[in-house]
Amino acid sequence: MQDLQQANLQPEQMLAQLPEFMGKIERLAEELGLDLSACQADHIALRVNSRALATALHQAWLAYGEEWSTNVINGRPIVVIGFHQPLQAGQWQIEALELPYPGDKIYPVQGWEHVEFVVPCQASTTAELQAALEARFPALNWDKADKAGIAVKASSPAGEKERLANPTFAFKKDGVCIKLHPCSLKAVIESEG
């Protein structure tokens, strides 16, 4: 636990950092032209660079919720913990934490990394999701995002047992990331049956 304390990653320390992080998320959404006020903030994710920190965080966050799943995605375990009480983050209530164990990538900053929002639609591919996002958020300008230094990445991550397609668009700038997808993480986990 001392390592978490020194790294400023104790759950209590991270919860204290949440308002500042959500402010960055809101500013990025504004810059993108995304009005996410009606969207569910599905889950929040953090990143760490050592397996020992990930293991310690995994245990520490279990005091705040229960493990919904541990799934291997892109070759590394990703733990999802559903909160006993949703986190109040700005205008949103977040029901789960995503904790990926580290892979090869080294993150310049450890801690909160992204929030994923559900944009309900029937998209099962990234092309269908892009069309749904353009219809839902007419102010979203893909070219403007690129010119503003916002990295845009489309992906279709999937765990070994998932049956529900959940294409994702990620918008990242200055160490903060917004991800948009059609299904909640809880629904994806429930599809694993």
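Q: Which residue in β7 is the bridge partner of K153?
A: The partner of K153 in β7 is A170. This is a predicted model, where local features need pLDDT of at least 70, side-chain atom pairs count only at pLDDT 80 or more, and totals for chains, interfaces and linings use all residues. Residues are numbered from 1 along each chain as its sequence is written, and side-chain values use heavy atoms, leaving out hydrogens and water.

Q: How do β6 and β7 pair, and over how many bridges?
A: In the antiparallel sense, over 5 bridges, with β7 covering residues 168-173. Strands pair if DSSP finds at least two bridges between them.

Q: OK, what is the order of strands in the sheet?
A: The order is β2-β3-β4-β1-β5-β8-β7-β6. That makes an open sheet of 8 strands, and the pairing is mixed. Strands here are DSSP runs of E, at least two residues, and helices are runs of H or I, at least four.

Q: Which strands are at the edges?
A: β2, residues 65-73, and β6, residues 151-155. Each of these pairs on one side only.

Q: And what is the twist?
A: From one strand to the next, the twist averages 25°. Angles run from 0 to 180 degrees between N-to-C directions of axes fitted to C-alpha atoms.

Q: Switching to helices. What does α3 lie across?
A: Helix α3, residues 51-61, lies across β1 (40-47), β2, β3 (76-89), β4 (92-100) and β5 (111-118). Relative to β3, helix α3 runs at about 40°.

Q: New topic: E95. Which strand is E95 in?
A: E95 lies in strand β4.

Q: Why does E95 count as partly exposed?
A: Because the relative accessibility of E95 is 22%. Buried means under 20%, exposed means over 50%, and partly exposed is in between, with a 1.4 Å probe.

Q: Which residues does E95 touch?
A: Leaving out residues up to four places away in sequence, E95 touches Q40, A41, D42, W68, I81, G82, F83, P86 and K186. Touching means heavy atoms within 4.5 Å.

Q: How far apart are the C-alpha atoms of E95 and I81?
A: They are separated by 8.6 Å, and the two residues are 14 residues apart along the chain.

Q: What does the side chain of E95 make a polar contact with?
A: With the side chain of Q40, at 3.5 Å. A polar contact is a pair of N or O atoms within 3.5 Å, one able to donate a hydrogen and the other to accept it.
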